[in-house]
Amino acid sequence: DNILLHGKFGQAGSELVIEEYLNGIEVSVFVVTDGVHSLMLPEAKDYKRIGEGDTGLNTGGMGSLSPVPFFDESLKQKVQKQIIEPTIHGLQKENIPYSGFIFFGLMVVKGNPYMIEYNVRLGDPETESILPRIESDLVPVLRSLKSKTLNQHSIEVSGRQAATVMVVSGGYPGAYAKGIPIYGTESVSNSILFHAGTKYTDGQLVTNGGRVFGVTSLAGSLKEALKLSVESAEAISFEGRCFRKDLGFDIL
């Protein structure tokens with residue numbers, strides 16, 4: 001039940017890969033490191049499928065939530081001890097002088113974290129949910145990376161919760177039109193509006209990509225933050241506009 005087999009066969013030979021099958025739920029964890037020390041940032045959960053209920057094609061991301069309700073202190077400590085610290089030690093052992101952000105894509109199975117992927121950046125659309133929750137100044141933290149004094153710094157995270165809804169072009173992640181006039185952005189007042197795929201043409205704001213806006217709201221609960229982001233997304237109009245209203249369906 002826990003083994004996944006897949007192979008590649010051809011005239012030059014054959015290949016069989018045996019992997020452990022992980023049936024769990026994903027979470028994205030982020031740290032900043034100076035190569036010796038690390039500092040954990042707020043976690044997030046993103047949603048890749050274009051359709052509600054996580055159906056349809058994968059996209060670059062249809063939205064994200066932070067914090068993640070099941071990422072409790074016990075799980076956080078497991079991630080720190082079992083994944084983050086061994087990663088930093090591994091970089092040192094391999095003589096890789098890395099400093100900056102590390103993205104840990106994790107699968108949580110029965111309360112235990114499993115490493116799925118690394119990225120040396122903050123994720124998108126996770127960034128739009130985690131950075132607004134950081135209330136302290138990140139500049140001193142980033143400057144400390146060069147002197148390897150990250151351990152002398154900390155971050156303050158807001159008790160408010162964040163929800164980011166991506167507003168995308170019709171047809172995305174497949175073929176989509178560009179240059180479609182956008183209206184209603186001036187009415188968005190309860191959310192942060194991140195321009196992802198827009199430009200001005202002759203003074204008119206128009207679409208210029210598949211993912212057009214990231215709409216982030218902060219509130220006392222994820223449900224309220226989602227409500228605000230959906231309301232703001234609905235206030236924006238352009239032909240073919242699409243966004244998901246069901247983020248968090250699996251954890252709320």
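Me: On what basis are residues numbered and values computed?
Reply: Residues count from 1 along each chain as its sequence is written, and side-chain values use heavy atoms, with hydrogens and water left out. In this predicted model, local features need pLDDT of at least 70 and side-chain atom pairs count only at pLDDT 80 or more, whereas totals for chains, interfaces and linings use all residues.

Me: How many helices and strands does the protein have?
Reply: Helices (H or I, at least four residues) and strands (E, at least two) are DSSP runs, numbered from the N terminus. The C-alpha trace spans about 55 × 55 × 35 Å along its principal axes. The protein has 4 helices and 13 strands.

Me: What percentage of the 252 residues of the protein counts as buried?
Reply: Buried means under 20% relative accessible area, exposed over 50%, and partly exposed in between (1.4 Å probe, protein chains only). Among the 252 residues of the protein, the buried share is 45%.

Me: Why is strand β13 largely enclosed by the rest of the structure?
Reply: Strand β13 covers residues 211–219. The strand is largely enclosed because the number of its residues that are buried is 9 of the 9.

Me: Which residue of β13 is the bridge partner of I192?
Reply: Two strands pair if DSSP finds at least two bridges between them. Strand β9 (residues 161–168) runs antiparallel to β13, joined by 8 bridges, and V168 is there partnered with R211. Strand β10 (residues 192–195) is also antiparallel to β13, with 4 bridges. In β13, the partner of I192 is T216.

Me: What is the C-alpha separation of M166 and P125?
Reply: M166 belongs to strand β9 and is buried, at 1% relative accessibility. Contact means heavy atoms within 4.5 Å; not counting residues up to four places away in sequence, M166 touches P125 as well as others including G61, R211, F213 and C242. M166 and P125 are 41 residues apart along the chain, and their C-alpha atoms are separated by 7.8 Å.

Me: Is S229 buried or exposed?
Reply: S229 lies in helix α4. Leaving aside neighbours within four places in sequence, S229 is in contact with A163, V165, S191, V215, T216 and S217. With a relative accessible area of 0%, S229 is buried.

Me: How far apart in space are E85 and E20, C-alpha to C-alpha?
Reply: E85 is part of helix α1 (residues 73–93), and its relative accessibility of 25% makes E85 partly exposed. E85 and E20 are 65 residues apart in sequence, and their C-alpha distance is 23 Å.
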